[in-house]
Amino acid sequence: MTAKTTHFPVDNGDMTLIETENGRRILIDCNIRTSAEDENDDTPNVAKQLRDRLKQDAQGRLYVDAFLLSHPDEDHCRGLKRNFHLGPPDAWSKKDDKIIIREMWSSPIVFRRASKNHKLCEDADAWAAEARRRVRKFKELGCCPDLERIKILGADVDDKTDKLTAILVMVDTDFSTIDGSYDYTFSARLIAPIPPGDDQEEEMLTKNDSSVVLNISLRNKLGLDGARYLFGGDAGVGIWERIWERNINRSHVLAYDVLLAPHHCSWHSLSWDSWSEKGKDAKVSSDARSALGQANAGAKILASSDEIHDDDNDPPCIRAKREYEDIAKDAKGKFHCIADGAGDDPYELEVTSGGVKPVSKQSVTTSNKVIGSQPLHHG
Amino acid sequence: MADTEIPAVIARALRQIKAHERVQDVVVLETSENSVAVEVYVSSNLPSRWLAAGTSPNGVRSVEPVRFEFTNAYPVIAPDIRLRQDFDRSHPHIQPGSSDSLPQPCILMGSLDELLRSRGVNGLLDQTALWLENASMVNLIDPEQGWEPVRRDHIDDYVIADLERLVELPDRKGGAVAFMVRYARDKCDGFHVLATRTPSKLDASLPSRLTDDTSVAIVAWSGASASGGAFLAKNYEPEDVTDVASLIAKAKRLGCGEFLNTKLNLLSSRIAGRSSLTSVPLTIILIARRPCNIIGQNSPLEICPYIIELNSEAVDLSEKSSVRVRLASHRNTISRNLLLRASGLIPVENPKPWTLVGCGSVGSKIALHLARSGMAPDIVVDKATMSPHNYARHAVAPSSILEATDYFSKAALIANTITSLEQRAKPFQKNIALRLASAPEKTVSAMLHGTDRIVVNATGSISVRESLCLPKVRPSRGRVVEANLIGGDRLAFLSLEGPNANPSTMDLAIEAQNILSQNELHWHLAFDPAVEHVAIGQGCSSLTFPMTDARLSALTAPMAERLMEWLTSGPPTGHGEIFIGFTPQDGMGQEWFQRKIEPWLSVDDESGCEIRISASAHRKIEAAVATSPRVETGGVLMGRWSDVANAFFVVDVIPAPADSVFSRSEFRLGVQGLRGAIDDVVTKTRGAIHDIGTWHSHLSVSEPSSIDRKTADILAKEQGFPTLMLIHVPGGYRSLVREDAEELSDREI
């Protein structure tokens with residue numbers, strides 16, 4: 001199979017499914033609104049779109065090999081409890097038919113106590129509880145059992161993650177395992193969350209800024225480069241500045257063929273100024289722009305957001321869109337808002353040795369297009 | 001030119017083209033009375049990095065101009081679709097053509113006209129866009145799918161040769177060899193050339209051997225490369241051979257130029273100066289070794305055939321010769337492996353052999369289904385000859401009125417047809433039942449040769465079934481499959497013996513009757529008095545029941561499929577199997593159910609007769625004994641007696657009625673409701689299953705008592721065949737077989 005990414009139409013929210021060439025499926029965030037399941041509502045049924053793209057295990061359970069929650073905000077984990085099985089695998093029921101998460105990829109924020117700056121919605125709470133349950137299991141057994149794996153992306157402050165080395169991915173390192181096994185068509189570099197400098201900084205860090213920033217490289221089976229995807233959750237301008245500072249001498253780790261514009265194309269990922277207040281006087285942070293500007297030739301910058309209008313709104317912000325269009329233009333690439341796609345269908349990209357391209361709506365061979373479109377008479 | 005009005009139907013097509021998602025622009029190039037040519041700018045959907053560069057590494061542009069030429073025949077005939085002049089012709093899926101003409105993409109494996117009919121102009125555009133997209137990715141040749149051979153459609157010359165034979169020729173050294181060929185010229189002036197299998201020398205006698213139906217073919221192949229490995233023709237290139245010079249140049253690129261040249265020089269010298277040479281086709285076949293297997297074949301060798309029409313004016317076969325060379329297309333002859341591949345099966349070295357007994361309607365269908373899949377039986381047996389009415393449902397149609405009335409041997413007819421499918425079957429027009437009874441060893445050796453063989457009994461004959469179970473036959477033959485229709489045109493029966501004929505084909509037949517008797521609809525269909533003469537156990541002959549060929553084929557086909565599975569994957573070990581297929585009155589749909597049948601118990605009685613007990617009857621007896629451990633218990637044995645096998649077949653038991661008496665010293669079989677229960681089974685199965693005796697338990701290992709003997713005598717008097725009294729003792733059975741009140745034996749096992 002060809003590696004593919006599916007970007008679901010979830011308005012201001014994130015939901016991306018990655019399928020590696022070896023057939024592993026990684027879901028990054030979800031925003032499954034209840035209205036999506038209402039037939040009389042226009043919201044695209046992304047739950048069904050997702051389920052249609054997943055495989056079943058021998059017990060008939062749909063599953064994702066890994067689920068990355070970039071950060072515990074509602075627009076990134078909405079519908080988690082309703083659509084995904086949380087708790088011991090034995091408790092899965094055919095009646096509920098929820099999706100199994102074989103391996104959770106979570107930021108260490110799940111270990112943090114709720115505070116003024118750290119209030120969690122119900123789905124985020126459920127994620128944190130499940131993550132803690134899996135970590136406990138890991139501590140008890142010394143390893144993660146099948147269907148209950150977890151990776152912690154980034155070390156936490158106060159050495160809370162010290163005893164978790166086997167399931168911990170440190171910032172500025174690469175990993176190629178998905179659900180406990182190596183996939184040579186996949187590798188990912190963890191760029192953030194960058195550990196906070198001190199307690200005070202920790203306290204100040206918003207959930208957005210705790211976002212996992214990951215540069216995922218999808219290769220084909222011959223080991224040839226396919227495409228690199230930069231995902232940054234809702235990380236704000238301060239984080240992007242620090243990322244640039246940290247990687248200024250190795251900017252290739254930030255290079256991408258596809259960038260999911262952070263925070264639904266928010267101006268706050270590119271600037272300290274308020275767009276609605278300063279308007280055209282708002283200034284771009286040059287470092288943040290550099291961190292987000294390492295576009296390969298032909299790169300696509302995607303906004304997973306509402307339609308972008310020329311107004312004061314943020315996110316999505318027209319000024320941010322213009323900045324990204326600028327970045328794309330320099331690379332002879334393109335900016336694309338997922339909400340502008342055709343109808344309710346997700347936006348799908350196919351990964352090739354020449355980068356990414358939209359999945360053709362036709363079949364993929366020259367010979368059998370007719371087969372299946374009409375009965376074929378054989379003499 | 002542009003002043004001619006575009007016909008409405010073409011204008012409509014142009015509008016549709018313009019509206020296609022992947023089309024960026026349409027420019028009318030020229031219009032005339034006869035045609036309209038337009039340039040369509042089609043997006044190639046290049047991936048991001050190449051899109052930024054404007055072109056793929058292999059030269060496909062992000063937007064390609066494609067020329068569509070509509071003629072007056074549109075929309076009956078699809079427009080001619082061409083690429084720009086400088087499009088890289090080395091792409092696979094470009095039709096062969098001269099370098100003067102625009103490259104023609106082969107956008108569909110099939111007819112463009114048909115595509116236009118079914119999917120309209122959009123279909124053409126879809127395929128064109130997809131072709132460009134694939135061309136940019138160089139994945140028109142996908143190593144997993146295989147090497148795409150150069151297309152040679154619409155070519156008038158055919159070379160018919162056995163592919164298997166051709167691909168056996170190449171060796172490490174490389175070489176060329178000549179064959180004599182038969183040929184015929186067809187109406188379009190193309191040659192049909194049939195290659196022989198035996199190489200021939202190009203000696204002085206050659207000119208005299210070139211006649212109006214015989215000519216010569218040269219096959220050349222590559223050897224090792226300079227580095228020592230096999231020479232690989234890695235480059236996909238369009239067909240550019242037009243004359244002898246370009247043919248030799250091509251052969252050189254394929255690594256066999258020298259070998260071809262040598263043969264051509266020899267041939268040339270043999271025919272030089274023969275002014276009387278009439279026009280004969282010289283066939284050249286180049287065998288190219290590709291880096292991956294050719295699509296649809298399990299060999300990387302591509303066959304490239306050409307025809308040179310030799311006559312007294314065209315005898316120059318040198319490297320500079322401009323004598324015309326025509327492209328030919330290769331047509332394979334039928335071979336077993338070809339049939340296997342076309343059926344999606346993998347050729348195996350030593351396929352499991354099988355004998356077909358019964359070449360009537362069911363047997364002939366099964367034989368030909370398998371023969372067409374390259375798995376024909378190698379022995380076919382049928383005692384009968386064809387009668388005209390047999391052709392109503394026989395797989396083979398008569399080739400003439402004479403043949404239809406000529407009382408042809410059924411076995412020979414099937415064997416001949418198998419031969420036409422390039423396989424071999426030895427026919428026997430013999431009554432196998434009679435032969436097995438009179439000369440078992442000889443018959444087994446000739447017709448059922450070897451224990452690894454599958455014997456398919458499609459006769460529907462009980463005598464055949466039973467003779468296959470004769471004591472001297474059963475141990476020395478392979479597993480028997482029985483296939484026939486039961487009781488008309490709605491039930492089909494397929495069984496497979498277990499290993500060592502346990503359960504045997506007879507055991508399975510009676511098991512099937514027992515199973516059928518448990519479903520009201522099934523037993524009505526199987527044992528309906530109206531079709532009694534065709535029911536299993538009642539002298540089945542499915543030919544005599546009127547039904548359509550279609551219905552018979554529909555029920556037979558799944559049985560052929562299952563047989564194929566057994567022949568390719570091997571029959572299951574450890575048990576036998578029964579399949580019963582059911583079709584509704586109107587024949588629309590089928591339902592098959594399967595039962596695994598465990599081995600039967602066999603008890604040899606001293607009298608020489610065998611007592612066979614089904615696993616389920618044995619379990620019922622054991623269960624009854626277990627529930628009454630302190631008293632004797634018993635019941636009625638249901639099944640049948642076979643004179644041929646000299647055996648009892650116990651398929652089921654009826655429990656003791658309520659008024660039976662159970663005590664430590666005696667079991668008394670009551671009567672309450674018993675007759676009714678027995679009659680029920682007998683009526684349902686039209687007597688195929690009936691009471692054959694009784695069973696009871698002894699609490700200790702002991703001989704049949706005097707009471708037992710008396711009872712057995714009473715039973716025997718009322719029975720036209722031997723009666724069986726089966727005694728369950730701890731650890732086994734004892735038997736008491738009585739006939740005409742005369743005690744034959746009693747023995748512990």
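Here are some questions and answers on the labels used for this model.

Q: What should I keep in mind about the model and its numbering?
A: This is a predicted model, so to speak of local features a pLDDT of at least 70 is needed, side-chain atom pairs count only at pLDDT 80 or more, and totals for chains, interfaces and linings use all residues. Residues are numbered from 1 along each chain as its sequence is written, chains are lettered from A and ligands numbered from 1 in the order in which they are written, and side-chain values use heavy atoms, with hydrogens and water left out.

Q: What makes the pairing of A:Glu348 with A:Lys4 a polar contact?
A: The term asks for a pair of N or O atoms within 3.5 Å; within protein, one must be able to donate a hydrogen and the other to accept it, and residues adjacent in sequence count only if both atoms are side-chain atoms. The side chains of A:Glu348 and A:Lys4 meet at 3.3 Å. A second polar contact links the side chain of A:Glu348 to that of A:Thr6, at 3.5 Å.

Q: Which residues is A:Glu348 in contact with, leaving aside its neighbours within four places in sequence?
A: Contact means heavy atoms within 4.5 Å. On that basis the partners include A:Thr5, A:Arg53, A:Lys357, A:Pro358 and A:Val359.

Q: How do you know that β6 and β9 of chain A pair?
A: Two strands pair if DSSP finds at least two bridges between them. Strands β6 (residues 62-64) and β9 (residues 99-101) of chain A have two bridges, in the parallel sense. A:Tyr63 stands opposite A:Ile100 in β9(A).

Q: Why do β5 and β8 of chain A stand at the edges?
A: The open sheet has four strands in the order β5-β6-β9-β8 (chain A), with mixed pairing. Strands β5 (55-56) and β8 (84-85) of chain A each have a single partner strand, so one side of each is left without a neighbour in the sheet.

Q: How do you know that the charged end of A:Arg102 sits over the ring of A:Tyr63?
A: The test is NZ of Lys or CZ of Arg within 6 Å of the ring centre and within 35 degrees of the ring normal. The charged end of A:Arg102 sits over the ring of A:Tyr63 at 3.6 Å from its centre.

Q: Why is A:Cys77 in no disulfide?
A: A disulfide is a pair of cysteine sulfur atoms within 2.5 Å. The structure holds zero disulfides over all chains. For A:Cys77, the nearest cysteine sulfur is that of A:Cys121, 4.0 Å away. A:Cys77 has 1% relative accessibility, so this cysteine counts as buried.

Q: What makes the pair of A:Trp105 and A:Phe186 tilted?
A: Rings of Phe, Tyr and Trp (its six-membered ring) pair if their centres lie within 6.5 Å; planes under 30 degrees apart count as stacked, over 60 as edge-to-face and the rest as tilted. The structure holds 13 aromatic pairs over all chains. In A:Trp105 and A:Phe186 the ring centres are 6.0 Å apart and the planes at 40°, so the pair is tilted. A:Trp105 lies in strand β10 (residues 103-106) of chain A and A:Phe186 in strand β16 (residues 186-192) of chain A, so the pair ties together parts 81 residues apart in sequence. A:Trp105 is buried at 0%, and A:Phe186 is buried at 0% too.

Q: What makes strand β28 of chain B mostly covered?
A: Seven of the eight residues of β28 (residues 732-739) of chain B are buried. Seven bridges join this strand to β27 (residues 723-729) of chain B, and the two run antiparallel.

Note on methods: Buried means under 20% relative accessible area, exposed over 50%, partly exposed in between (1.4 Å probe, protein chains only).
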